[in-house]
Amino acid sequence: MWWRQENSEASELLTGPPLRRWAGGALIGVGLVGLVTALVAILNLHLPTRALLILYLLAVVPVALWWGVGLAALVSALSVITFVLLIAPPQSEGPAVLAFAVFVATAGVVAGLAAGLRRSVRRSEELAAEQSALRRVATLAAKGVSATELFEAVTREIGELCGADLTRLGRYEDGGTVVRVAAWTRLPTRLPVGSRVPVDETRVARDVLRTGAPVRVSGAAATNGAGGPLARELGIRSSIGCPVVTGGELWGVVVVSARNPRAFPPETEERILHFTELLATAVTNAEASEALLRNADEQAVLRRVATLAARGGADPSPVVRAVAAQIGALLGADCASLLRFESDGTATYLAARGWRDASRRGPGARWRPETPSVIERVLRTARSARIDYAETGEQPPSLSGEDVTSTVASPIVVESRLWGSIGVASRTGPLPPDTEERLVAFTEIVAIAIANTESRAQLAASRARVIAAADATRRRLERDLHDGAQQRLVSLALELRNVQAEIPDEQPGLSADLGRLAGEVTAVLDELRELSRGIHPAILSEGGLGPALRTLARRSPVPVELTLRLDHRYADAVEVAAYYVASEALTNTVKHADATHARLAVEERDGELRLLVSDDGRGGAIQTGGTGLTGLYDRVEALGGSIVVSSPAGDGTRVEVALPLTPV
Amino acid sequence: MARSSLERGGLEVVGTATTTTQALELIGALRPDVVLVDIALGTESGFDLVHRIAAAEPFAGPHVILISTRREDDVAELVSASPAAGFVWKADLSARAVRDVVAAGEQ
């Protein structure tokens, strides 16, 4: 197109520095005047001379088009003077002056039109560039790229569009700081993302925060203090800051800067605002979906931990390990530790993840929290603590070699006592500002889990104590009965038989009476024996589980196939529990199962005593159906064991019990 | 009482002991034909004593019979697992009961 000069010598003359541009224009103007003069000289032979003056417009108009009305006026003057001196007949000064006026007027109109046209072209080009930049950013946002990627794209697009040397995107934080989340520059310098400065130290960010509106700083003010040392170092002379407003709140600020004090035309703010609006929408969406995702993740992890806590018996360590394993990724941390505080001011590592020096953080490792460390602060204040080492610099010995830049810890408070702490650490910049809050949500769940497991443990222990006490009482009762009443009745029976043997044969009636009495005593003894057997099986204390179970199997009306792999005695509570399970299960088989055959197998395996009672009866036994199994659950669970009853209708009953042999 | 019952039946009671140690000494000194061992030997176990008697003289030892105030049914597993020749309930204790067990053991 005619107004669009490609890169060439001509465009140099059109767009170069003013002086050179001017000189070029003048040169071309003079050339054109020469050409027209030659043309006029040729045509002069055939046409009326005065009419030819109009041909000089051919020289004036192009100059007016490209170099403006000033140079065109000079060319007009040159044209008229050349015509008058070389071509025109005498006494043509009047028409020449008129022609000059016409030329200048024409030049003015043409130059004005051309400039307007050029302005609209430039504006439309800029708009097109802006629109396509906005479209690119919008596409990225719609694709759901990571916030970092989006922020980088926005700073780059704004920088290129505004002809800036440097663009930064900062996010305002609670506590009066602004953190750089993205930066772009065409200057050879490195701008670390994640650096954090107080708002008051950077004038543009501060003014934007104060006014909530775009701020422009240029000249010496831009260099001195506006962008701080960075602006000074880079020679920044002009900066504009525009707010990023999300959901009615000031989220952050975009700052464009340039070395050229007049780099930014007046409409720059407006153009940046188009981007910040888009950015704000994207940020709102991204934060909403991120919060949603994060929430979902957190919920999932918390659910897993809670499930573990509910399932795990007296041992909270699976819960602790799971939390340590999950929390790092969840909170965007590189390392995580879970510690229990001891009464002597030390802390015991329960679980640790992600640390380079894992040896000092093994489970059970003791450590005296150092100052300054977040764990020490939690221990001292029972509150969440944060230390960003990028700021304070000095690291405690426990963190040496870890390259940790930020640490956050929160207390685990179990039933209003400070129980321990969860700490996380990052090697890449500061942990997000909401880390404490999210960590607290976690420590609370862990605390509940620990409280649960502690109370479960206490409950199991007290249940075990109650059962053990009851067992001891029954054993004593049985012994008292045996050593007292039974013993004396046995003596009585023996004595009666002795007396009977002394009686002379001529008194058969007396002898028969004594025999009957002895028989009575034996019958009472039998009744007493049944009674005491129900209280406590003597053979269990006398001979242990093996003989006791053999006796049980032998006495059962339903044939029992017995498999025993036991080679020594076990703790009273274990033997009694196993005996009662077998006894109760066999009783049920006899009473309810209508079985022809039962099986009893006991063995010691993997630190557990395993017992299996099964029959080929009708099945359908229910725990709560008054079948007597309920009491066994208590007994088995009090020992930290497990009991599984399966009794499908028509397919027999199967009771499986595992009792840990190490005391809980 | 038990002694009188036994002696009336023609058995001579050559000695009585109340502890494992004493019992082993007496058995060594008196060489009885039959030893009656109460399962409940105070704080000691009659089964232990039976094992020690059997271990002392595996081939030429006395006949050992376990006795108890408990019924045979309650201790049968332990009796059969021990080297004892048999069991007699104390209320049934008589010379004939002892002879029956010894006779059964010799068959």
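This is a predicted model: local features need pLDDT of at least 70, side-chain atom pairs count only at pLDDT 80 or more; totals for chains, interfaces and linings use all residues.
Student: In what order do the six strands of the open sheet in chain A lie?

Tutor: Strands of a sheet pair through backbone hydrogen bonds, either parallel or antiparallel. Here helices (H or I, at least four residues) and strands (E, at least two) are DSSP runs, numbered from the N terminus, and two strands pair if DSSP finds at least two bridges between them. In chain A the order is 9-8-7-12-11-10, with antiparallel pairing, and the edges are strand 9 and strand 10 (385-388), each of which pairs on one side only.

Student: How many bridges join strand 7 of chain A to strand 8 of chain A?

Tutor: Six bridges join strand 7 (residues 335-341) to strand 8 of chain A, and A:Leu339 stands opposite A:Tyr349 in strand 8. These two strands form a hairpin with five residues between them, where A:Gly345 in the turn has a positive phi of about 85 degrees. Strand 8 also pairs with strand 9 (residues 366-367) of chain A over two bridges, with A:Thr348 opposite A:Arg366.

Student: Why is strand 8 of chain A described as largely enclosed?

Tutor: A residue is buried if 20 or more other C-beta atoms, placed from the backbone, lie within 10 Å of its own. Six of the seven residues of strand 8 (residues 347-353) of chain A are buried, so this strand is largely enclosed by the rest of the structure.

Student: Which helix do the buried residues of helix 14 of chain A pack against?

Tutor: Two residues are in contact if their C-beta atoms, placed from the backbone, lie within 7 Å. The buried residues of helix 14, including A:Leu514 and A:Val521, pack against helix 13 (435-502) of chain A.

Student: How many residues does each chain give to the contact between chain A and chain B?

Tutor: The contact takes 17 residues from chain B and 20 residues from chain A. On the chain B side, helix 1 (2-8) and helix 4 (72-81) are the elements that give two or more residues, and the largest share, six residues, comes from helix 4 of chain B.

Notes: Residues are numbered from 1 along each chain as its sequence is written. Chains are lettered from A and ligands numbered from 1 in the order in which they are written. A residue is buried if 20 or more other C-beta atoms lie within 10 Å of its own, exposed if 12 or fewer, and partly exposed in between; C-beta atoms are placed from the backbone.
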